[in-house]
Amino acid sequence: MCLIVLGIKSHPVYKLVFAANRDEYYDRPSAPLDFWKEAPNLLAGKDLRAGGTWFGITRSGRIAAITNFRDPASHKDEAPSRGELITRFLLGDDEPTDYLEALRTDKDRYNGYNLILGTKDNLYWYSNRGNRVKRLLPGLHGLSNHLLDTPWPKVVRTKEAMGRLLAREDQPHPDEIFHFLSDCHVVDEESLPNTGVGLELEQKLSSVFITIPDYGTRSSTILLIDRDDHVTCLERTFHPNHGAAETVKHSFTIES
């Protein structure tokens, strides 16, 4: 994931509304959202190169998602895949805080990342660049390729869009969420962050939905969990020419 916005206990029907875009090179093979044959309780996409994932939820209500922390000056080619951090938590039984505290002792093995993980009722954020664990309180939160709620324009735009949806009394339709996740607006130069990739690329990466010839938004994901613990999870994947490839939907009730 490279952009996540979520509303926690901010809607009368849903205890969690999660929306995210995954940006990746088009030549990195991946499988779409599905229950894994080798782990039938895990619903996630799969990175077919390294074997991990960028987002997942289990039938017992364990949830995890990751974004990269953009810092090319400190990139390590030999670092392990960050996707394993997600699958290790989802397939394990560690308490979220114990898992994240253990990661703090091993933070320098990996390139920069942010994790949002926990259970259906308690989510936490951790970054190996911030090196502290924070419980996510009720309300709106946004995350891109910096620390939690850093006000990058794309984070601000998606939080505002999510806030408008959740302020209504009716249930938000997934197509409304997919719509704001498809925002291709490029930010003016004076509003850009400086992450060390150069002005031209910085601007191309500033939109919510990224369209660069060899790199871009590969998929958009929506997770809805209602007050009765019923889960609706949708993923829309995209071709390199930026057309919609397919939308998959999975529904289940979290096991008590």
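Visitor: How do the residues of the lining of the largest pocket divide into nonpolar, polar and charged?
Guide: They divide into 15 nonpolar, 10 polar and 15 charged. Here Ala, Val, Leu, Ile, Met, Phe, Trp, Tyr, Cys and Pro count as nonpolar, Asp, Glu, Lys and Arg as charged, and the others, Gly among them, as polar. This is a predicted model, in which local features need pLDDT of at least 70, side-chain atom pairs count only at pLDDT 80 or more, and totals for chains, interfaces and linings use all residues. Residues are numbered from 1 along each chain as its sequence is written, and side-chain values use heavy atoms, with hydrogens and water left out.

Visitor: Turning to Asp229, where does it lie?
Guide: Asp229 is in the loop between β12 (215-226) and β13 (230-238); strands are DSSP runs of E, at least two residues long, and helices are runs of H or I, at least four, numbered from the N terminus.

Visitor: Is Asp229 buried or exposed?
Guide: Asp229 is buried, with a relative accessible area of 15%. Buried means under 20%, exposed over 50%, and partly exposed in between, using a 1.4 Å probe and protein chains only.

Visitor: Which residues does Asp229 touch?
Guide: Leaving aside residues up to four places away in sequence, Asp229 touches Lys15, Lys120, Phe252, Thr253 and Ile254. Contact means heavy atoms within 4.5 Å.

Visitor: And the helices: at what angle do α1 and α2 pack?
Guide: Helix α1 (residues 83-90) and helix α2 (residues 96-104) pack at about 145°, with axes 11 Å apart. Glu84, Leu85, Arg88 and Phe89 of α1 meet Pro96, Tyr99 and Leu103 of α2. Axes are lines fitted to C-alpha atoms, for helices over the stretch in contact, and angles run from 0 to 180 degrees between N-to-C directions.
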